[in-house]
Amino acid sequence: MTTIFYLTAVLLHYISIELGVSIGPHRLWSHRSYKARTPARILLMIAQTLGGQFTIYAWAWKHRVHHKWSDTDADPHNTLRGFFFVHIGWTMRQPHPEFYAKARTLDHSDLMADPVVYYQEKYYYIVSSAGKFSGI
Ligand SMILES: [Zn+2]
């Protein structure tokens with residue numbers, strides 16, 4: 001029973017990170033590397049929500065700024081701020097003010113034009129909290 005529990009946990013973690021982050025917010029919504037139909041986008045949105053890395057909108061918005069202004073103060077994962085900051089520290093601190101200044105200059109309207117992204121943004125905290133309390 002314990003082995004099945006751990007294997008299930010590893011599988012859910014893999015799905016939430018690989019589907020929910022790498023394939024969804026990263027390749028689909030940030031880079032527009034491919035197109036996906038609504039059922040696939042909904043599946044990716046659910047996996048991303050399980051991943052617990054904030055909303056698709058927030059993830060893609062930050063990621064676009066990261067690529068556009070890599071290794072500057074506008075980059076939320078600026079490698080010049082050190083190893084710890086790049087891997088973990090950036091999640092614990094507010095971005096540099098330059099991040100917000102540059103982020104405002106990018107057009108992110110395509111993200112909210114996607115109803116899957118829009119409704120996840122609108123109900124993210126309700127859905128993600130329900131998942132936490134239900135043991136998901
Ligand atoms: Zn990228």
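**View 1. R32 sits in the loop between α1 and α2.** This is a predicted model. R32 is not a glycine, yet its phi is positive, at about 50 degrees. Is R32 buried or exposed? R32 counts as exposed, because it has 10 C-beta neighbours inside 10 Å, and the cut-off for exposed is 12 or fewer.

**View 2. F54 lies in the loop between α2 and α3.** F54 is a residue other than glycine with a positive phi, near 60 degrees. F54 has 18 C-beta neighbours inside 10 Å, so F54 counts as partly exposed. To be buried, a residue needs 20 or more.

**View 3. The whole chain is shown here, with 7 helices and 0 strands.** Read along the sequence, the pattern is α-α-α-α-α-α-α. The C-alpha atoms fill a box of roughly 50 × 35 × 25 Å, taken along the principal axes. What share of the 136 residues is buried? Buried residues make up 22% of the chain.

**View 4. Helices α1 and α2 pack with their axes 7 Å apart.** Two packed helices are described by the angle between their axes and the distance between the axes. For α1 and α2, the angle is about 115 degrees. Their crossing is left-handed. On the α1 side, the contact is made by L12, I15, S16, I17, L19, G20, V21, I23, G24, P25 and L28. On the α2 side, L44, M45, A47, Q48, L50 and G51 take part. Which classes of residue make up this contact? The contact of α1 with α2 has 12 nonpolar residues, 5 polar residues and no charged ones.

**View 5. Helices α1 and α3 pack with their axes 9 Å apart.** The angle between α1 and α3 is about 60 degrees. That angle makes α1 oblique to α3. α1 passes α3 in a right-handed crossing. Which residues meet here? From α1 come G24, P25, H26, W29 and S30. From α3 come I56, W59, A60, H63 and R64. The residues of this contact divide into 5 nonpolar, 4 polar and 1 charged.

**View 6. The largest nonpolar core holds 16 residues.** In soluble globular proteins, nonpolar side chains tend to be buried together. Which members of this core touch the most other members? They are W29, I56, Y57, A60, W61, L111 and V117. The largest share, 6 residues, comes from α3.

**View 7. Y57 is one of the core residues that touch the most other members.** What does Y57 touch, leaving out residues up to four places away in sequence? Y57 touches L111, M112, V117 and E121. Among these, L111 and V117 are also on the list of core residues that touch the most other members.

**View 8. Y100 is placed in helix α5 (residues 97–103).** Is Y100 buried or exposed? Y100 has 12 other C-beta atoms within 10 Å, so Y100 is exposed. K62 is 38 residues away along the chain from Y100. The C-alpha atoms of Y100 and K62 are separated by 9.6 Å.

Key:
Residues are numbered from 1 along each chain as its sequence is written. This is a predicted model: local features need pLDDT of at least 70, side-chain atom pairs count only at pLDDT 80 or more; totals for chains, interfaces and linings use all residues. A nonpolar core is a set of buried Ala, Val, Leu, Ile, Met, Phe, Trp, Tyr and Cys residues joined through C-beta atoms within 7 Å. Helices (H or I, at least four residues) and strands (E, at least two) are DSSP runs, numbered from the N terminus. Two residues are in contact if their C-beta atoms, placed from the backbone, lie within 7 Å. Axes are lines fitted to C-alpha atoms, for helices over the stretch in contact, and angles run from 0 to 180 degrees between N-to-C directions. Angles under 35 degrees count as roughly parallel, over 145 as roughly antiparallel, 65 to 115 as roughly perpendicular and the rest as oblique. A crossing is left-handed if the near helix is turned anticlockwise from the far one by less than a right angle, and right-handed if clockwise. Ala, Val, Leu, Ile, Met, Phe, Trp, Tyr, Cys and Pro count as nonpolar, Asp, Glu, Lys and Arg as charged, and the others, Gly among them, as polar.
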